[in-house]
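Subject: Structure handover

Hello,

Here is the structure for you to look over. My notes come after it.

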Amino acid sequence: MLDPSPQYTGYTAYEFLEPGTDIKEFRYARQIGRVPPYAGLELSTEQQQRTTRLLTEETVISLHEHVQVFPEDMGQLRDHIRQGREPTAYEGLSRSGLTAVFDNGMDGTCCISSDAGWKYQDVLFDLGVRMADLAHQQYVIKGETLADIEHAKQSGKIAHIFALEAATPIENEVDRLDVLYGFGVRQMGIAYSEANTLGSGLKERGDGGLTYFGDRAVQRMNKLGIAIDVSHSGDRTALETIERSTKPVFITHAGARSVWPTNRMKPDEVIKACADRGGVIGLEAAPHTTLSPDHPRHTIESVMDHFVYCVDLVGIEHVSFGPDTLFGDHVGLHTAFAGNLSISQAHGHVDHETVEYVDGLENPAECFYNIIGWLVAHDYSDDEIRAVVGGNTLRVLEEVWV
Ligand SMILES: [Zn+2]
């Protein structure tokens with residue numbers, strides 16, 4: 001983890017509102033130091049310096065994250081979520097070294113007016129209040145173009161790019177994609193675990209592929225310049241999306257099913273199809289997802305087993321990282337939202353140890369220091385590291401963000 005960016009001046013989320021009067025007050029998890037720092041890298045002084053240099057000098061982009069901080073007491077989670085004011089973790093981000101981050105907001109937990117979630121009005125509310133908060137400070141800027149990412153790099157700020165894990169909130173209205181683009185959404189999934197009007201999610205018994213409406217939505221996303229993500233889509237839906245899209249498609253946060261056999265991981269066929277069309281897979285690190293037979297206790301080492309496998313399968317130019325972390329108890333979030341997120345169907349019933357957190361990839365503040373540190377410790381070149389922490393993603397965005 002880096003020292004705080006000098007560009008960060010201490011702003012905390014929604015500080016323009018009065019707790020108790022305008023919003024309910026919650027006690028939030030610590031953004032820094034909630035868990036002990038990762039001790040597994042064992043870098044020499046020279047390697048530490050190289051890691052810090054790469055993290056500060058390169059354009060570092062996370063393909064998938066949730067940059068909010070969650071309540072310390074996860075028993076308050078539903079109450080907190082119903083308020084629809086998830087706080088961006090500015091302090092934590094100031095230690096991350098990120099140039100740009102795809103933030104997926106409330107997403108599968110977007111339950112402001114409905115316990116089932118994914119309602120269009122709720123998603124707009126979430127996007128709107130998060131933007132109002134961003135507008136009250138200068139350190140985290142709204143990222144909508146490549147120029148915004150470049151500006152963040154040059155000025156030592158962070159470009160915050162809105163993304164949605166699924167297109168479920170558009171229902172049968174393709175024009176809602178234009179509205180969401182207008183709000184700043186620049187990346188969107190097809191379906192989450194459950195099927196929707198576009199296609200099938202990864203938990204369904206059968207996968208009918210991309211629907212005719214899904215075709216129209218993919219075409220509209222191509223025209224608007226919304227990057228497409230098939231991380232949570234069923235296999236056939238993912239393949240057909242990649243085939244029908246005129247632009248490369250991302251798998252922003254997943255792993256390889258050949259390494260760990262659950263629905264949440266992608267089969268070789270999907271990873272190869274994504275790469276063949278110029279796309280990129282970002283490696284996932286949410287608790288109990290990207291495990292491996294060599295590292296069945298989930299840590300950065302298990303995630304890197306998926307990284308090595310994917311690099312062997314499709315080449316390093318098609319691999320990146322979307323660690324999918326947040327500030328707070330991610331395992332507690334999974335427990336509280338097990339039904340909404342279809343956790344048991346996604347994670348399957350493959351024997352593994354349970355952990356309280358993923359050591360080395362626990363939150364957005366530490367992810368990329370530890371990823372780069374791991375790559376440095378394993379003798380990857382500067383060019384290779386530059387590609388997997390941001391370069392590959394930029395190449396796809398140059399094609400997609402019209
Ligand atoms: Zn996800």
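Predicted model: local features only at pLDDT ≥ 70, side-chain atom pairs only at ≥ 80, totals over all residues.

**Zinc site**

Three protein residues donate to the zinc ion: E165 through OE, and H232 and H253 each through NE2. The donor distances run from 1.8 to 2.1 Å. Along the chain, the spacing reads E-x66-H-x20-H. E165 sits in the loop between strand 4 (158-164) and helix 6 (176-183), while H232 sits in the loop between strand 6 (227-229) and helix 8 (235-244), so the pair ties together parts that are 67 residues apart in sequence. Both E165 and H232 are buried.

**Nonpolar cores**

The largest nonpolar core holds 104 residues. The residues with the most contacts inside it are L180, M188, I190, M221, F307, F368 and L375. Helix 14 (residues 367-377) supplies the largest share of this core, eight residues. Another core lies apart from it and has 18 residues, among them I141, I149, A152 and L394.

What does L375 touch, not counting residues up to four places away in sequence? The list is M304, F307, Y380, I385 and V388.

**Salt bridges**

The count comes to 22 salt bridges.

- R34 with E362: the closest N and O atoms are 2.7 Å apart. R34 lies in the segment before helix 1 (45-57) and E362 in the loop between helix 13 (343-347) and helix 14, so this pair ties together parts that are 328 residues apart in sequence. R34 counts as partly exposed because its relative accessibility is 31%. E362, at 7%, counts as buried.
- R82 with D115: the side chains meet at 3.7 Å, N to O. R82 is in helix 2 (residues 77-83) and D115 is in the loop between strand 2 (100-103) and helix 4 (120-134), 33 residues apart. R82 is partly exposed, with a relative accessible area of 39%. D115 is also partly exposed, at 49% relative accessibility.
- E194 with K203: the closest N and O atoms are 3.3 Å apart. E194 has 44% relative accessibility, so it counts as partly exposed. K203 counts as partly exposed too, at 22%.

Which residues are linked in a network of salt bridges? They are K24, R78, D79, R82 and D115. The R82 and D115 bridge listed above joins two members of that network.

Best regards

Terms used: Residues numbered from 1 in each chain as written. Heavy atoms only, no water. Donors = N, O, S within 2.8 Å, 3.2 Å for Na, K, Ca; no water. Helix = DSSP H or I, 4+ residues; strand = E, 2+ residues; numbered from the N terminus. Buried < 20%, exposed > 50% of the residue type's maximum accessible area, 1.4 Å probe, protein only. Core = buried A, V, L, I, M, F, W, Y, C linked by side-chain atoms within 4.5 Å. Contact = heavy atoms within 4.5 Å. Salt bridge = Lys/Arg side-chain N within 4 Å of Asp/Glu carboxyl O.
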